[in-house]
Amino acid sequence: MYGGIYGETGYFLNSLDFISVGGTPTDAQSAFEVGVTLGFYDTRPKIWFIRIPRISVGYRFRGDISGIRIRIGGDWATKVFHP
């Protein structure tokens, strides 16, 4: 098992419009995310017939807008070093 930290930025071609709880409109053209990820190097272990996937938890933010994102599965993280 191994873990890591990551940072990610995103840009939306068309700005997204959000309305806050107070009723104030906010637009989002870009967003940033930082988080942690846990996974396995080679063969993922099984629990009964299900293989355990990579799990990532990130905090996405942009100005007044923020939220937590949970990802299950996928090998999108690039390994910088391998023991």
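Start by selecting E8, which is partly exposed, with a relative accessible area of 26%. Keep in mind throughout that the model on the screen is a predicted one.

R69 is itself partly exposed, its relative accessible area being 28%.

Next, select R71, which forms a salt bridge with E8 in which the closest N and O atoms are 2.9 Å apart. R71 lies in strand β6 and E8 in strand β1, so this pair ties together parts that are 63 residues apart in sequence. R71 has a relative accessibility of 16%, and because buried means under 20%, R71 counts as buried.

Return now to R69 and bring E33 into view, where the two side chains meet in a salt bridge of 2.8 Å, N to O. Here too the pair links distant parts of the chain, with R69 in strand β6 and E33 in strand β2, 36 residues apart. E33 is buried, with a relative accessible area of 1%. If you then select E8, E33, R60, R69 and R71 together, you have one network, joined by salt bridges that share partners. Across the whole structure, a search finds five salt bridges.

Which of the elements gives the most to the lining? Colour β6, which gives the most, with five residues. The pocket has a volume of about 150 Å³, and if you colour its lining by class you will find eight nonpolar, three polar and three charged residues.

For the last stop, move to strand β5, which covers residues 55–62, and select S56 within that strand. Is S56 buried or exposed? At 1% relative accessibility, S56 counts as buried. Finally, show the side chain of T37 beside that of S56, and you can trace the polar contact of 2.8 Å that joins the two side chains.

Note on methods: Residues are numbered from 1 along each chain as its sequence is written. This is a predicted model: local features need pLDDT of at least 70, side-chain atom pairs count only at pLDDT 80 or more; totals for chains, interfaces and linings use all residues. Side-chain values use heavy atoms; hydrogens and water are left out. Helices (H or I, at least four residues) and strands (E, at least two) are DSSP runs, numbered from the N terminus. Buried means under 20% relative accessible area, exposed over 50%, partly exposed in between (1.4 Å probe, protein chains only). A polar contact is a pair of N or O atoms within 3.5 Å; within protein, one must be able to donate a hydrogen and the other to accept it, and residues adjacent in sequence count only if both atoms are side-chain atoms. On a 1 Å grid over the protein atoms alone, a cavity is a set of points where a 1.4 Å probe fits but cannot get out, and a pocket is an open set with protein on both sides within 12 Å along at least five of seven lines; lining residues have an atom within 4 Å of a point. Grid points are joined across faces, edges and corners, and a volume is the space filled by probe spheres set on the points. Ala, Val, Leu, Ile, Met, Phe, Trp, Tyr, Cys and Pro count as nonpolar, Asp, Glu, Lys and Arg as charged, and the others, Gly among them, as polar. A salt bridge is a side-chain nitrogen of Lys or Arg within 4 Å of a carboxyl oxygen of Asp or Glu.
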